[in-house]
Amino acid sequence: MRKLIAGINMTLDGFCDHTAGIADEELHQHYTELLRNSGAIIYGRITYQLMESYWPALVKNPTGDKSMDDFAVAIDNIPKIVFSKTLKKLEWKSATLATLDIKEEVCELKENPGKDILVGSRSLIVALMNLNLIDECQLCVHPVVIGNGLPLFQNINDRIVFKLLKTKTFGSGAVVHYYAPGDK
Amino acid sequence: MSKLIMWNVITLDGYFEGEKNWELSFHEIVWGPELERFCLEQLNATSCLVFGRTTYEGMAAYWKTAQGENREIADFMNNLPKIVCSRTLNSVDWNNSTLIKENVAEEIAKLKAKSDKDLYVFGSANLSETLIKENLFDEYRICIAPVILGKGRYLFPKGLPEGKLSLISSQALPTGGVILKYNATNH
């Protein structure tokens, strides 16, 4: 069965605003590889619209920065499934709207053959953690404190204990923590 | 000159304790021989511990009467010089403690200048907030425990000015904790 992997950036003080981390070449390469190794990515509306507003344009007009351009192609290619109550139609060719509720849609996705599924939206990650559907969490902790913003782990219902699989350190000082669900 | 170092264990959601004071059961998740060794090495390299009132009182009550396993740590905690920063306390009676009622920044600077080993702050969230805002920490050592608690008290208070840190090292513990050491860069 396919794994559902949550991948997200976080500041040391727990915020996950997309501008908060250090988005350098190494980070882009890391996420490009993650996208290439995955079969699909699921988004909430906000993250989807954020991605859609920026990356497809880079595929048409590459920046010349290889790590950014590679990421643009990878994110353009990967099938995207978007959970939204308000969006009726998606412009991005590789994106489709989810038709079932999150639990049913994710369970169905997991049962289909294919590479692992990614989830990169904060709201969906929290919802899926509460449903115990996340198989692996790759949390990139950036060496910054920002004081305010969108807290990542909020509205988690029960205490969750993870098992640390490994860590990966970047030159910027960001450290990815790879976690699997642990025992309570 | 020595450094002022913050040491704390925090959850993934940024809490250094649960909702109530001293709700620290999540520490048990990361505790083990490696973390104990780390703590002992750290205490061995300590010139002085710096506390706010609440942490001081709790630590004093605990370590003065600690029995059993953590003998070595207890000996360090009871014997190391300790500074307590508090406007409301009038006296301190844990062995080798000194009370600082005002001019905390100045007193800490003096201590740094005359110590060859480093000064450490454990817990002490209110004091730490002041020290962070006044850029007095030279290093942050944070052990991220592999747990989301759901509720608790934040280590880094909201409203802090933005700051970049410089990673010195990252150490994964067999228990799943990750010890991250950072230099403060706005010095």
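Which residue of chain B forms a salt bridge with E129(B)? The residue is K133(B), and the closest N and O atoms are 2.8 Å apart. Point 5 returns to this pair.

1. **Basis.** This is a predicted model: local features need pLDDT of at least 70, side-chain atom pairs count only at pLDDT 80 or more, and totals for chains, interfaces and linings use all residues. Residues are numbered from 1 along each chain as its sequence is written, chains are lettered from A in the order in which they are written, and side-chain values use heavy atoms, with hydrogens and water left out.

2. **Interface size.** Chain A puts 28 residues into the contact and chain B puts in 31 residues. Contact here means heavy atoms within 4.5 Å. The two chains bury about 2500 Å² between them. Of that area, 68% lies on carbon and sulfur atoms. Buried area is the accessible area (1.4 Å probe) that two parts lose on being put together, summed over both. In chain A, the residues that lose the most area to chain B are L12(A), V145(A) and R159(A). Together they account for 25% of what that side buries.

3. **Interface make-up.** How many salt bridges are counted between chain A and chain B? The count is zero. A salt bridge is a side-chain nitrogen of Lys or Arg within 4 Å of a carboxyl oxygen of Asp or Glu. Polar contacts do cross the interface: the rule finds five residue pairs, both residues at pLDDT 80 or more. Such a contact is a pair of N or O atoms within 3.5 Å; within protein, one must be able to donate a hydrogen and the other to accept it, and residues adjacent in sequence count only if both atoms are side-chain atoms. Four strands of chain A, β6 (136-142), β7 (144-145), β8 (160-169) and β9 (175-181), each supply at least two residues of the side that touches chain B. Strands (E, at least two residues) and helices (H or I, at least four) are DSSP runs, numbered from the N terminus. The largest share of that side, six residues, comes from β8(A). By class, the side of chain A has 19 nonpolar, six polar and three charged residues. Ala, Val, Leu, Ile, Met, Phe, Trp, Tyr, Cys and Pro count as nonpolar, Asp, Glu, Lys and Arg as charged, and the others, Gly among them, as polar.

4. **Strand pairing between chains.** β8(A) pairs with strand β8 (residues 147-148) of chain B. The sense is antiparallel, over two bridges. Strands pair if DSSP finds at least two bridges between them. I160(A) has I148(B) as its bridge partner in β8(B).

5. **Salt bridges.** Over all chains the count comes to 13. D135(A) and K110(A) form one of them, at 2.9 Å, N to O. D135(A) sits in the loop between α6 (122-130) and β6 of chain A, and K110(A) in helix α5 (residues 102-111), 25 residues apart. K110(A) is buried at 5% relative accessible area, whereas D135(A) is partly exposed at 26%. Buried means under 20%, exposed over 50%, and partly exposed in between (1.4 Å probe, protein chains only). In chain B, E17(B) and R153(B) meet at 3.6 Å, N to O. E17(B) lies in strand β2 (residues 15-17) and R153(B) in strand β9 (residues 153-154), 136 residues apart. E17(B) is buried at 5%; R153(B) is partly exposed at 30%. K133(B) and E129(B) are separated by about one helical turn, because they are four residues apart in helix α6 (residues 125-133) of chain B. K133(B) is partly exposed at 43%, and E129(B) is partly exposed at 26%. Salt bridges with shared partners also join K3(B), E139(B) and R141(B) into one network.
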